[in-house]
Every structure is written in structure tokens, then in C-alpha cells.
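Student: I would like to work through this structure step by step, with each conclusion tied to the geometry. Could we begin once it is on display?

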Protein chains: 2
Amino acid sequence: MATKQQEKSQQTMRELMGSAIELFGTKGFASTSVAEITDHAGYAKGSFYRHWNSKDELFLQIVEQKFKEYRATRHDRVQKAADLREAMGIIWDFLETIVADRNWSAIFLEFTIHAATNESLRRLLNQSDYRLSDRVFADLVRDHVTSDFLPEKIGALNTALFEGFLIHRALGTETLSLAEVREAAIDLAVKSGTRRD
Amino acid sequence: MATKQQEKSQQTMRELMGSAIELFGTKGFASTSVAEITDHAGYAKGSFYRHWNSKDELFLQIVEQKFKEYRATRHDRVQKAADLREAMGIIWDFLETIVADRNWSAIFLEFTIHAATNESLRRLLNQSDYRLSDRVFADLVRDHVTSDFLPEKIGALNTALFEGFLIHRALGTETLSLAEVREAAIDLAVKSGTRRD
DNA sequence: TCTCTGATGTGACCATCGGTCACTTTCTGA
DNA sequence: TCAGAAAGTGACCGATGGTCACATCAGAGA
């Protein structure tokens, strides 16, 4: 179906994206220049802008792809939870998948803050394809919440605690382990999501 | 004591810093250029580098000053707490002082992430003069912790939740109110800091 | 009062950045 | 075969953080 030109174009995009993933992954978003990405892949800088309108746009595409991968390794398990605590455990298994991608969790954080000062980028990033979404979390726990605490708020508390932990890690603070944050977050969710007696 | 030259130099620094505080406060750290800061204060760009070695250095100085102000409005009350819950309440009064400085809490976040990728800047920022410190928090709650959960970890959980909330706010997510985060954080601290029965 | 020294102030200059565009090369379909 | 479209190129643009040779000025010693 695809013509030789289209094939070539997609091959170039793959090469540039591979180069970008490698460089972003080692140097971060801001510290990696477009020229470095193209040089490393053996192209001229202009080629980059044939395929993407901006560095941000390529990065968003990488984020989307990475989150798809994360979800692929975890998503099949999310519906089987019997209660809120188990649902939270499955959610934190997913979050641990992200943390395991050592460099990238810090780079997501970097890009998130970068996007916060840009209206349209911020709107894009708030979509669930590009980020942990309060809404997605809410859908996962909704059936198990017996209190009148909104499921969305449980999701928001969890993502806040998770991203706050990422900041600590990015700064090299070793006070908290992931396991401890996980336990605290789950306790918090169970406490607020269970009807008080 | 100070010669007229020293006087002049300090006056210039004050003017440049005032200009910087105003511009950072409205446009953020990255989006404010050194040339803008000096222009707005009526100096040439070179003058800036007579007084500071970098844009980062000036910003650190501003952060230090601002945290000193925050502490000044709150610090006198911290020792009076009767129990862990009350100590946490006082700590969150302090955190609310920071949140109340609407733009700046977002800008601290921006600079924190910016500093995370720079070894020496990161080390500096981890000092308590420039940041919420797990250690300072720990000292405030230590006397009221009856479980064997480390006070430092209580501090870290709190700052993580707080800074995670700042990310949500920076992205314009309105799911959580500050009051709700405060309540969750205090519950979390009381739960983990109180001996289980 | 004059002069020398060192601190303050200046703006042209530098390398680098994200992004643009006129141009060349390569491919496609009639 | 050949015209037009798409892919690839690199000089160029304006803006950035930072530098530096030079100008200006305050103040101590003569």
C-alpha cells in the first residue's frame, strides 16, 4: 500500500524518534537539542521539521507511545480487583512500572512543568493519553468506593503523592522508598473511600 | 561604615532584585530573561553579572529571602503544639502561607525541576534555606511521634503530597482543594506517627 | 587639589537554541 | 519521459545566558 516515499518517510521518523528517545533518556528534555537529535541519527536539522512541527510535538508522541507500553503491561489486570485495597494495589503496580523506567519518570516530570506555562500544551497534557489522569484512576476505583468521597479525589490524591515522590527522587532525596509511598497512598485511599463507621 | 560605592552597589542590587522579583512573579523563571530584568530596572545587561554569577544565583537568593519571610510569619507558633495533629496543623498553616503566594509556589516548582538536572544546583536546593526540608519537618513533629515510623518519613510524605498538589494546580486541575489535601496529609501523618493499638 | 587605583556600569560580541525557508535530490504516476 | 510532489539540506533568523574590553566614577594618598 505504502509508496516507497511514504516508507522512507516513516523510516526516517523512526530513526529520528529512536535517536530522540536515546538522547532525552540520558540528558533530559531541555538539555537535548534538535540538532543533536538529527546529527545523532545522521540527518540535517531541517529534516526534523519535515516530520514534526516542534520539539514539544515529538516529545508528546514519545510520551504517548511510552504510556501505551506501560498500559500494555498492566492493563489486563485492572478489572479483576475484589475490593478497594486490591484495586489500589493494581494501580500502584502500574505506577511502579513507570518508576522502573528510571530516567523517564524524571523526564515526564520535567516536561510536565515545562508544559504548565503553555496554555495549549497544558490542555494536551491533561488528556489521559499523556498523563496519569484523575479520571482514569476514578474509573478504576469507582465500584469499590463506599463513602461519599469522590473517586476523582482519590485519584488526585494518589497522583499527587506519586508525583511528589518523583520530585523527591529527582532531587536525590532518599528519605522515602517507593514501597512506603505506595503503602501510605493505599491507606489514604482506603481510609477516604470506605464508609466511616 | 559602608562607603558610597558599596552603598551604590547594594542599591543597584536591590533595584535589580526588585525588578527580577516582579518579572519572575508574573512570567516565571525560564520565560524571564536577564536583559528584561536589567532593562526594567534601567541598567545594561552587563551590570547584572557584576552582582551575580548567573540567573540561577539571583533566583536562589530570592528563594532564600522569600522562605525567610514565610518562616517569619509562622515560625513563632510551631513549638506550642500539644500533640501530633496540632503540630501538623501548624505545619500546614505554613504550607498555606506558601500556596497563598499564588504565582510563586508554581515558580518554586519550576525552578526545583530545573535544578534537578544540575548537580551543584540540586545540592544547594536540598538545603533547608531554599526548600521545604524533610529534616525541618521531622524536628517539628519528632516529640509527638509515638510509633517507630521515622519523623523524617512523615516530613517527606507531607512535602511529597504538598508538591504533588502544586503540580496539579500548575496544570490547572481543580479536582482537589487545598483543604482536602491538608486533611489527607494530616490524617496520614497522625496514622503513621501514632503507635498502633 | 591632583592623581592613581579599583570598583561600578556599558553594550557589542559569542555560542547555542528552536524554528524557517529557498533550494537540491529523489520518487511517483501519467 | 518528465512534471510535480515529497524528502532532505544547511544557511539563516531572532532570542537567550553569559563574557569582556572599555568607559566612568568614588575615594585614599600626595
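This is a predicted model: local features need pLDDT of at least 70, side-chain atom pairs count only at pLDDT 80 or more; totals for chains, interfaces and linings use all residues.

Student: By what turn, and with what RMSD, can chain B be laid on chain A?

Tutor: Chain B falls on chain A with an RMSD of 0.1 Å, and the shift along the axis is 0.0 Å. The two copies are thus related as by a two-fold rotation axis, and 100% of the contact residues of chain B recur in chain A, the same surface serving both copies. The turn that goes with the RMSD of 0.1 Å is 179°.

Student: Which element gives the largest share of the side of chain B that touches chain A?

Tutor: The contact takes 39 residues from chain B and 39 residues from chain A. On the side of chain B, the elements that give two or more residues are α6 (102-116), α7 (119-125), α9 (151-170) and α10 (178-193). By class, that side of chain B divides into 18 nonpolar, 12 polar and 9 charged residues. The largest share, 14 residues, comes from α9(B).

Student: How many helices and how many strands are there in chain A?

Tutor: From the N terminus on, the elements of chain A run α-α-α-α-α-α-α-α-α-α, and the C-alpha atoms of the chain fill a box of roughly 65 × 45 × 30 Å along the principal axes. The count for chain A is 10 helices and 0 strands.

Student: Are α4(A) and α5(A) parallel, antiparallel, perpendicular or oblique to each other?

Tutor: The axes of helix α4 (residues 55-74) and helix α5 (residues 84-100) of chain A come within 10 Å and cross at roughly 135°. Angles from 65 to 115 degrees count as roughly perpendicular and those over 145 as roughly antiparallel, so the two helices, α4(A) and α5(A), are oblique.

Student: What is the handedness of that crossing of α4(A) and α5(A)?

Tutor: The contact is made by A:Y70, A:T73 and A:R74 of α4(A) together with A:D93, A:F94, A:T97 and A:I98 of α5(A). By class, these comprise 3 nonpolar, 2 polar and 2 charged residues. The crossing of α4(A) and α5(A) is right-handed.

Student: What percentage of residues 33-52 of chain A is helix?

Tutor: An unreviewed UniProt entry annotates residues 33-52 of chain A as "DNA-binding region". The end C-alpha atoms of residues 33-52 lie 14 Å apart, and the strand content of the span is 0%. The helix content of residues 33-52 of chain A is 75%.

Note on methods. Residues are numbered from 1 along each chain as its sequence is written. Chains are lettered from A and ligands numbered from 1 in the order in which they are written. Copies are superposed by least squares on the C-alpha atoms of residues with pLDDT of at least 70 in both. Two residues are in contact if their C-beta atoms, placed from the backbone, lie within 7 Å. Axes are lines fitted to C-alpha atoms, for helices over the stretch in contact, and angles run from 0 to 180 degrees between N-to-C directions. Helices (H or I, at least four residues) and strands (E, at least two) are DSSP runs, numbered from the N terminus. Angles under 35 degrees count as roughly parallel, over 145 as roughly antiparallel, 65 to 115 as roughly perpendicular and the rest as oblique. A crossing is left-handed if the near helix is turned anticlockwise from the far one by less than a right angle, and right-handed if clockwise. Ala, Val, Leu, Ile, Met, Phe, Trp, Tyr, Cys and Pro count as nonpolar, Asp, Glu, Lys and Arg as charged, and the others, Gly among them, as polar. UniProt positions are given in the numbering used here, feature names are shortened, and annotations may be inferred rather than shown by experiment.
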